Amino acid sequence: MNQENNVGVLRIKKTSKRMGKAKYSKYGYFFVAPFIIAFILFQLYPIIYTFVLSFTDLAGWETKLDFVGVKNYVAIVKNSHFIRALQNTWIIWVINFVPQIAIALMLAKWFTDTRIKLKGAGLFKTTFYMPNIITAASVAILFYTLFSYPVGPVNQILMKLNVLAEPFDFFRSKTGTRLIVAFIQFWMWYGSTFIVISAGILGINPSLFEAARIDGASSWQIFKKITLPLLRPITLYVLITSLVGGMQMFDIPFLLTNGAPDFAVETLTMYIYKQAFTGNRNFYVAATASIVLLVIVLLISLVIFKFMNRHNKEGVNK
Amino acid sequence: MKKILSILMVLTMVFSLAACGAKDTEPSGGGKTGNDKAGSDTTGKDTETSEPSGPAENKGKKLVVWTFTDEIEKMINEYYLRHNPDLGYEIEIVVIPNDQYQQKLDPVLGSGKSAPDVFALEAAFVKKYVNSDFTKDLKTLGIAPKADETLQYVLDTVTDESGSLKGMSWQATPGAFFYRRSLAKKYLGVSEPEEVQGLLSDFDQFYEAAKTVNDKSGGETKLVSSLGDLQNVFLASRENGWVVDNKFVIDPKAEELLEIGKKLESEGLTNQAEQWTESWFASMSNDQVMGYFLPTWGLHYVLKSNAVNANTGESTSGDWGMIQGPSPYFWGGTWLTVREGTKMEKAAVDLINYIALNKDFLTEYAKNSGDFLAHQSVVESIKDSYSEEFLAGQNHYAKFAEMAPSIDASILTGSDLDINNLFAEQLTAYSKGEKDKETALADFKAGVQSAFPNLDY
């Protein structure tokens, strides 16, 4: 490796001399090359290949691609398992995102408010972020044990407190399991959202807040009229990254119950995984579902983007 | 000029990266390719002389074995390597958990790269590989089990549609019902195997006994842990497998299981602890569950290893009894196969011959581990010498020897693992009263159809 590198360096020196002045722009290619190569090999190529697969009937140990046209796309919109997985994904994402952004906003406001000046902010930030560091597998096992039936800790506490008369089987209740998955997602990600939003608030020019305060605005008015409108780009970022992540939700529901009860937490990516790697290994179904998922995320991101940007411009014009 | 230069730079970068990558990711197989070449160069001439019917000479330096349990690892490390100290090649054993086994195995078989030379297969998916082109016909390699020596069902399971033998196994896995003697005495009034068998000889009686145990213990003790315990028993007694002539079939026995499952569950006659969960294992050392449906391997690898109570330190060893239970069945079993295209044919054949057919090894292994063998003449010679302390002196081996010849494994299909899981979900949903029977069966069928659209329905 050293030798080859040296050769590269020598060549650069020679050409620089010939051209008469130092050109640093070519180093740019050098530095982005690893990313570009990794991207082409491990992301672009698989995406294109998946796209191609979605027009074939490749399954099992078959290696030959037979093209079947758009048949797979027609079939998948009628596939009840696919539709159910899509619904599950949306339900779980919405019930995790609404409290997540609300609580993150609230916390960010408190922790950045110069008038309140909370003590130990660093400690709290670390604590909020902590769940995100723990691996999904550990979290899934932790929650499975906590809510286990009939003698899990949660059941025992609820019975001691006389909330429940009999143990409740959380993982046989569709709503219960969905709520648990949504809660885990919320709990793991609100800290990260909180930090991003805090950074956004700190990025707002403090003189705006000072001016408002001198004019006699209340804390809530400042938040509503100054912080929120100026936070819009950050909120947009959080919304879209969370949407993309939420649509690809896999590890927690997979490790928690593997989709049970009655497929209530079988998400789209779990459906794709199961189609591709279990059963008859229907690669074509998995590929079609992946492309549909990609299109859904793309469309919704575009719509949100358009919508939010229009508002931004209007705000500026005013 | 600039463009050419930057392309050059990129290329150097790629090559240097690739060089690093190769070094980093393959520390164990560092000299592998070199060895391969050297191996084939030196042995190339010998290969030509080997007879066409026997295995080809080893061209690699390492025999790679994939398995999903540690049994084979133990056999190789503790027996095979001890008896064969001068193998001349390494054996690498890769243990992959059962639930990821096929996902890992299928891609490497398809591509042939870093694929195992010998791989273990389990009853729930053995048929899938036996009927594929990835497994070698063992008879052409000189592995010849004698019909009267190895149990017929063990051979039938790994015989493909055209009659070639694609695998071998050392074990047979008839299933039994293990019960706690003290609890049986307390709640059923009897504790000796013959008497308990008399009370549990079919599933109507089983249901009555489950009620008695529950009533007399005030709900403290249940006859079985979960419905999953019953699933293997019922499915093994089906007349048709899930797939017959590429058509999906729901055997009446499966519906029967739904019915008895609903009865047991709605009356609270199980301990609500699914198989392989913490509380399922825990009740082997406390008094919550009276019995378990387990096959031969279950005694040694499941019951014995979980008999000591983690809280009190007391063991239930010696308090167990073994009977056939309401219905004969079999559960699991491990077969070894040789991959088509392996470079280590001779080594692979030698290993399989040793594990499945070497009488000295089998005798020693069975005596040490208590595992039940498929090799009939070895079983005959050792079966009367057993007195299992764990079962209060009962001779489990002789009992298994009685059960084994009646096993019919023709209902196994390559899709069993996935379909069984889909069925278990509907069994739980129906028996817990979440849906009615028609819906459960329809959902089951829809689930199978989604996973296996290639079958007829």
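Ground rules. Residues count from 1 along each chain as its sequence is written, chains are lettered from A and ligands numbered from 1 in the order written. Because the model is predicted, local features need pLDDT of at least 70, side-chain atom pairs count only at pLDDT 80 or more, and totals for chains, interfaces and linings use all residues; side-chain values use heavy atoms, with hydrogens and water left out.

Chain B overall. It has 19 helices and nine strands; these are DSSP runs, H or I of at least four residues for helices, E of at least two for strands, numbered from the N terminus. Of its 457 residues, 55% are buried, meaning under 20% relative accessible area, with exposed over 50% and partly exposed in between (1.4 Å probe, protein chains only). Contact means heavy atoms within 4.5 Å. Among contacts in chain B with a separation of 6 or more, 75% join residues 24 or more positions apart.

Now the sheet. Which order do its strands take? The order is E7-E4-E8 in chain B, an open sheet of three strands with antiparallel pairing. E7 and E8 (320-323) are the edge strands, each pairing on one side only. The twist averages 30° from one strand to the next. E4, residues 175-180, pairs with E8(B) over four bridges; two strands pair if DSSP finds at least two bridges between them. Tyr179(B) stands opposite Gly321(B) in E8(B). Helix H13, residues 296-303 of chain B, packs on the sheet and touches E4, E7 and E8. Its direction makes about 115° with that of E7(B). Axes are lines fitted to C-alpha atoms, for helices over the stretch in contact; angles run from 0 to 180 degrees between N-to-C directions.

Next, the cores. A nonpolar core is a set of buried Ala, Val, Leu, Ile, Met, Phe, Trp, Tyr and Cys residues joined through side-chain atoms within 4.5 Å. The largest has 142 residues, and Leu63(B) and Phe178(B) have the most contacts inside it. Helix H14 (345-357) of chain B gives the largest share, nine residues. Phe178(B) touches, among others, Tyr292(B), Leu299(B), Trp320(B) and Phe400(B). Apart from that core lies another, of 47 residues, including Leu86(A) and Ile240(A).

Last stop: Ser285(B). It sits in the loop between helix H12 (278-282) and strand E7 (291-295) of chain B. Buried or exposed? Ser285(B) counts as buried because its relative accessibility is 12%. Its contacts beyond four places in sequence include Asn306(B) and Thr316(B).
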